[in-house]
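Me: I have a chain open here and would like to talk it through. Can we start with the surface and go on from there?

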Amino acid sequence: MNNKNEEVEVNLFHIFSLLWHKVWIIVLSMILVGAILFSYALFLITPLYKASAQMYVNNSNISIGGTSVSISSSELTAAKSLLEVYVIILKTRLTLERVIDELDLKYTYEELNEMVSANSVNGTEIFEISVSSTDPAEAERIVNKIVEILPDRISDVVDGSSVRLVDHA
């Protein structure tokens with residue numbers, strides 16, 4: 001008859017002594033795995049660099065001569081909703097192919113589209129345009145060309161709205 005409530009006695013000192021006798025295998029395995037992972041990271045992973053620039057979405061003219069005009073919350077809400085439209089305009093074929101042509105890049109539209117991203121900064125009407133590349137100088141050039149081209153592209157598509165550069169890459 002088999003009793004299901006049998007107790008099993010575990011001797012932790014015995015287990016520790018068995019592991020201690022094989023400590024050289026454990027240490028050697030850790031060194032070998034560490035060397036393999038380090039070699040993989042060093043030789044097989046290509047580093048990516050990211051350059052970013054920030055732009056401000058403006059939904060109306062806020063300065064007339066030297067007089068400042070207050071902005072209503074509905075204008076701020078409209079500016080935030082325009083962010084999504086501006087990101088779509090940024091990632092259109094016409095915009096990115098113009099960047100490719102002006103910088104004489106070796107990328108296709110699809111490749112550059114994968115490299116470019118744009119997001120709102122903390123839910124404000126400022127958005128950040130980022131480019132990831134294996135070459136940091138190239139990423140910076142692409143972002144700076146995008147922020148040069150984008151205001152004209154947006155004004156061609158959206159009436160009464162504009163973007164202004166906040167910070168270069």
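Me: What does the accessible surface of the chain come to, and what share belongs to carbon and sulfur atoms?
Reply: About 11800 Å², with 58% of that belonging to carbon and sulfur atoms. Bear in mind that this is a predicted model.

Me: How much of the chain counts as buried?
Reply: 26% of the 169 residues.

Me: Which elements does the chain have, and in what pattern?
Reply: The chain has 6 helices and 6 strands. Along the sequence they follow α-α-β-β-β-α-α-α-β-β-α-β.

Me: What is the strand order in the open sheet?
Reply: The order is β4-β5-β1-β6, 4 strands with antiparallel pairing. β4 (116–120) and β6 (162–167) are the edge strands, each pairing on one side only. On average, neighbouring strands of this sheet are turned by 30° against each other, direction ignored.

Me: How many bridges join β4 to β5?
Reply: There are 5, and the two strands run antiparallel, with β5 covering residues 126–133.

Me: Which strands does helix α6 lie across?
Reply: α6 (residues 136–157) lies across β1 (49–58), β4, β5 and β6. The helix runs at about 140° to β5.

Me: And what does α6 give to the largest nonpolar core?
Reply: Some background on that core: it has 33 residues, and Tyr86, Leu112, Phe127, Ile129 and Ile142 touch the most other members. At least two residues each come from β1, α3 (73–90), α4 (93–103), α5 (109–115), β4, β5 and α6. α6 gives the most, with 8 residues.

Me: Take Leu112. What is it in contact with, leaving aside neighbours within four places in sequence?
Reply: Leu112 is in contact with Leu96, Val99, Ile100, Tyr107 and Ile142.

Me: What share of contacts with a separation of 6 or more is between residues 24 or more positions apart?
Reply: 68% of those contacts in the chain.

Me: Changing topic. How many aromatic pairs does the structure hold?
Reply: The structure holds 1 aromatic pair. The rings are those of Phe16 and Trp20, with centres 6.4 Å apart and planes at 25°.

Me: Why is that pair stacked?
Reply: Planes under 30 degrees apart count as stacked, and the planes of Phe16 and Trp20 are at 25°, so the pair is stacked.

Me: Where do Phe16 and Trp20 lie, and are they buried or exposed?
Reply: Both lie in helix α1 (residues 12–21), 4 residues apart, which is about one turn of the helix. Phe16 and Trp20 are both exposed.

Note on methods
Residues numbered from 1 in each chain as written. Predicted model: local features only at pLDDT ≥ 70, side-chain atom pairs only at ≥ 80, totals over all residues. Heavy atoms only, no water. Pairing = 2+ DSSP bridges. Axes fitted to C-alpha atoms, helices over the stretch in contact; angles between N-to-C directions. Contact = heavy atoms within 4.5 Å. Buried < 20%, exposed > 50% of the residue type's maximum accessible area, 1.4 Å probe, protein only. Areas by Shrake-Rupley, 256 points an atom, 1.4 Å probe, with all protein chains shown as cover. Phe/Tyr/Trp six-rings, centres within 6.5 Å; stacked < 30°, edge-to-face > 60°. Core = buried A, V, L, I, M, F, W, Y, C linked by side-chain atoms within 4.5 Å.
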